[in-house]
Amino acid sequence: MLTYIVRRILYAIPILIGVNLITFMLFFVVNTPDDMARMQLGAKYVTPEAIENWKIERGYDKPLVLNENKDGWKKFTETIFFEKSIAMFVFDFGQSDDGRDIGFEIRSRMLPSLAIALPVFVLGLAVYITCALTMVFFRTTYIDFWGLVLCVALMSISGLFYIIAGQFLMGKLWHLVPISGFGTGLDVIKFLVLPVIIGVVSSAGANTRWYRTIFLEEMGKEYVRTARAKGLSEHLVLFRHVLKNALIPILTGAVVVVPLLFLGSLIVESFFGIPGLGSYTIDAINSQDFAVVRAMVFLGSVLYIVGLILTDVSYTFVDPRIRLR
Amino acid sequence: MIKRIGAVLLIYAVIPILTGCGDPTVWNNPHPASESGQNILYSVFTERPKHLDPVQSYSSNEIQFTAQIYQPPLQYHYLKRPFTLIPGTAVDLPKVTYYDLNDQPVSDGAATDGIAYTQYEVSIKPGIFYQPHPAFAKSAQGDWLYHQLNDQDLAVVYKLSDFAIMDTRELTAYDYVYQIKRLAHPKLHSPIYGLMADYIVGLRDYAAELRNAQRSPEGQAFLDLREYFLSGVGVIDDYTYYIRIRGKYPQFIYWLAMPFFSPIPWEADLFYSQKGLIEKNITLDWYPVGTGPYMLTENNPNLRMVLERNPNFYGEFYPEEGMPGDLESGLLNDAGKAIPFIDKIVFAREREGIPRWNKFLQGYYDASGIGSDSFDQAVQLVGQGEATVTDEMAEQGIRLETTVAVSTFYIGFNMLDPVVGGTGEKGRESARKLRQAISVAVDYEEYISIFANGRGLSAHGPIAPGVPGYRSGKAGMNPVVYEWVDGEAKRKSLQVARKLMAEAGYPNGIDRKTGSPLTLYFDVVARSTEDRSMLDWMRKQFQKLNIQLVVRSTDYNRFQDKIRKGNAQIFEWGWHADYPDPENFLFLLYGPQRKANNSSGSSANNAANYENAEYDRLFEQMKDMDNGILRQQIIDRMVNILRHDSPWLWGYHPKDYGLYHTWFNNVKPNRISNNNMKYYRIDSLLREQKRREWNAPVLWPITLLFLSLMGGLWPAVHAFRRHEKSAAIKSDASSLI
């Protein structure tokens, strides 16, 4: 397994270089270093001299990807792309365009993101699987039918609507929880109730239907018939046998997102005022802070690759037939 | 049944615990329970400030913090209008002396040509102290405690308050000089360096010297600016310093009321230059050090920023005189009392308008702006179009305060463009008539009514109300676009515009030379779908003259690029004044300030690339004059030239509307002076009472939800039990026999 993991990590390097290159190209198609300087320095009294100084200070005075004034390797190494990219591979993200340490910011913002994303993930998984198994248990009854109708209805509503409706009902009309905000210590709980409920409910339709489909497929298999034939009660059949055998597709969807939980949610964090990484990314895009955008895209790619590796590894725990070589 | 009732009671008991609220009668309070009833002002900010270092911060979202912390030598009178400069930390307004080329003093009334330098001498009050800060901390032996921090010291430091010992020292003139030197620091990129380098003697050379010094390893770490001499700025004694500028620039005094000219102690600069602190984002840009009424004690710009009363601030009092009406509106109730009144100001980050608005209505924020989607809920027009709060707001005791901003939003014509700017004498005359025709046709009164909810004044020239040089009434009317009818300015009829079009060579919108309809191009920054209606409206305005308006939408960077290169034809732009002087508006159309093809290397703000020799001459004369009748006459002439040439559609001056709860006192809004929070007063007990009244939790929905769930699931549970108890194969009694 170790060989497999090492090989996957090595495969990741060219992928990360590619992601970095694409991010770089896309960003600089829209923004030039001069634009970035103007964005940081303001628009009123900025002189060309100030712009030039800013670029030199931040290392944006070099060519983007090819330095024709240099020879040999320096053609590639003395460029903005190389100088801004290479340090990231040792997770040194450097400073944002407004001069702050990006690594420090990321570390301090991961926890608020996780405070929302982890409960939504765990609670969501439990709720979706329970609902899906219940619908399977009561298949062809009114519960299954109306459950499906409800799922389709939930899928049809925009995520933004859940947020606005949730804030309106629970925060504004019924005064049960704060409309938005964040706190420290135990105080944080009151701010998590609403976004967690909304996070779970907004994804309930699609996920419950997906798990229901998986479980229904399993229900038709012979081992289920055998379990029933030996006299097991239906809930034991479902929760002990069907659930266990359906874990591979569940893990495929679930484990891969575990590392990404650190990155938070752009919209939820923005609407609920959560000081996490999602809102950090939004701020960086709005202020054209390439250093932060690049760091967040890179981090997202790394975490996604880690998620895929973890998914593969998790298969070996739930299915003894799988061997990673 | 007992179990179910128990479950409901459990939910009712758990929710208040989850909400973590000290007050069981209010569950939705977003502020910590420990703050209940305290003398705290709750405000919001939408964009995180990029810079809090006064040498860099310029945006309004930054200055709302820095202006409460730092004290420049001058400030604006809080109540007087027009805006009046008064001493801040200074004893009096600066002593101004003019010098000729031989460095000999010349009289105040000397011709501008004879003035080579102007010297501003500022005396500050003794006994002003900085906020407590670790940069000032010394050991018993007199050694600096935190100027050479090692890894061990830094291991327990994550924020400024983690330093155990804080101290202060008295403000001196050296600190002001130090800050002016920082304008030229190569690492700091002050936005006004370019402008100031044109005026402050020696600043450009000083910047070059610092750039060289910075190349050394010591310079990379820290440049001690005390060791580098700047010829245009110096200390006379501990409490007096001077600034020498080139020529005569009377508007310079307004800059002395901005945070750029606040004091910075060298100790703080050295303290914050330590690498270990920079890595932890503990920098002067993040943790300001000032002498003002407030100090920043919490800086988490993604969540909240907290200003607390500076314990070392004293000796300033609420103004005792204001304008007519101020007494009646209660603005002088606190006259003569020591300020600040509020102990703590909490700025919460609110990116989205809906939560921000709802929390204001719940009493959790003390003031609010008005978004377009909540305008109808908040404001109604009565009588002669006078704005007031709706009955719903009035019931809550919310009041509306309005003020015309010293800003202008306009549509500019690029004068380098052959169609709207013209080439050759005949072409320029034709283009002028075209611009005048468009000025008449684009109905800004309608625009303000539709798109700004009436929050604006249609402009008759570039100068905003409240600024010397602005004229209201008939004297201030633009005769090219309006005519005076029944005591008010009325836009001229379309017939006038069509006649001008014909004279311009476009009868009925058809180009006489080509026979084709006239097509013009409108460059705008990429719009959201919400703004499409505005662009459609604009097309219709041009359509009145049969002009085809093509909207060219682009991102902000490309838009700016087009303007710099002079590639736009018609564009929209705006300007917010830095200081209340007509020069700060009229320079936007001063020829040498043109943006396109400007080789002077300095910043330029004349986006229309307008040039008129007579206007430029008058501008040069006007900018150095003191306000008075003669200056007003020159301004009138300049404005008339502009109206005749019409390089802009003058657009409108926006009105700021703000809503304030009944417990929020001493509010006189304006956007020129920014250090206003020291004058505000809050009745926190009233606020607490109102919050409880407005936010009692509504519990029936939880009960209903619980009962609905139980009701829906009961048949299912029943069916499940029956299923589990039933036999796999049903027995048939008859078959057994």
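At what angle do helix α14 (residues 277-286) of chain A and α15(A) pack? The answer is about 140°, with their axes 8 Å apart. This is a predicted model, in which local features need pLDDT of at least 70, side-chain atom pairs count only at pLDDT 80 or more, and totals for chains, interfaces and linings use all residues. Residues are numbered from 1 along each chain as its sequence is written, chains are lettered from A and ligands numbered from 1 in the order in which they are written, and side-chain values use heavy atoms, with hydrogens and water left out.

**View 1. Chain A as a whole.** Chain A has 15 helices and 0 strands. Helices (H or I, at least four residues) and strands (E, at least two) are DSSP runs, numbered from the N terminus. The C-alpha trace of chain A spans about 80 × 55 × 35 Å along its principal axes. Of its 325 residues, 50% count as buried (under 20% relative accessible area; exposed is over 50%, partly exposed in between; 1.4 Å probe, protein chains only).

**View 2. Helices α14 and α15 of chain A.** Axes are lines fitted to C-alpha atoms, for helices over the stretch in contact, and angles run from 0 to 180 degrees between N-to-C directions. α14(A) and α15(A) are oblique to each other. Angles under 35 degrees count as roughly parallel, over 145 as roughly antiparallel, 65 to 115 as roughly perpendicular and the rest as oblique. A:Leu277, A:Tyr280, A:Thr281, A:Ala284 and A:Ile285 of α14(A) meet A:Val292, A:Val293 and A:Met296 of α15(A). Contact means heavy atoms within 4.5 Å.

**View 3. Helices α12 and α15 of chain A.** Helix α12 (residues 247-254) packs on helix α15 (residues 290-318) at about 155°, with axes 10 Å apart. That makes α12(A) roughly antiparallel to α15(A). A:Leu247, A:Ile248, A:Leu251 and A:Thr252 of α12(A) make the contact with A:Thr311, A:Ser314, A:Tyr315 and A:Val318 of α15(A).

**View 4. Helix α18 of chain B.** In α18 (residues 556-565), B:Asn557, B:Phe559, B:Gln560 and B:Ile563 are buried. Seen down the axis of α18(B), these buried residues fall within an arc of 160°, so they line one face of the helix. The arc is that of the directions from the helix axis to the C-beta atoms. They pack against α1 (2-30) and α2 (33-41) of chain A, and against β20 (519-525), β21 (548-554) and β22 (570-576) of chain B.

**View 5. A lysine in chain B.** B:Lys344 sits in strand β11 (residues 344-349) of chain B. B:Lys344 is buried, with a relative accessible area of 17%.
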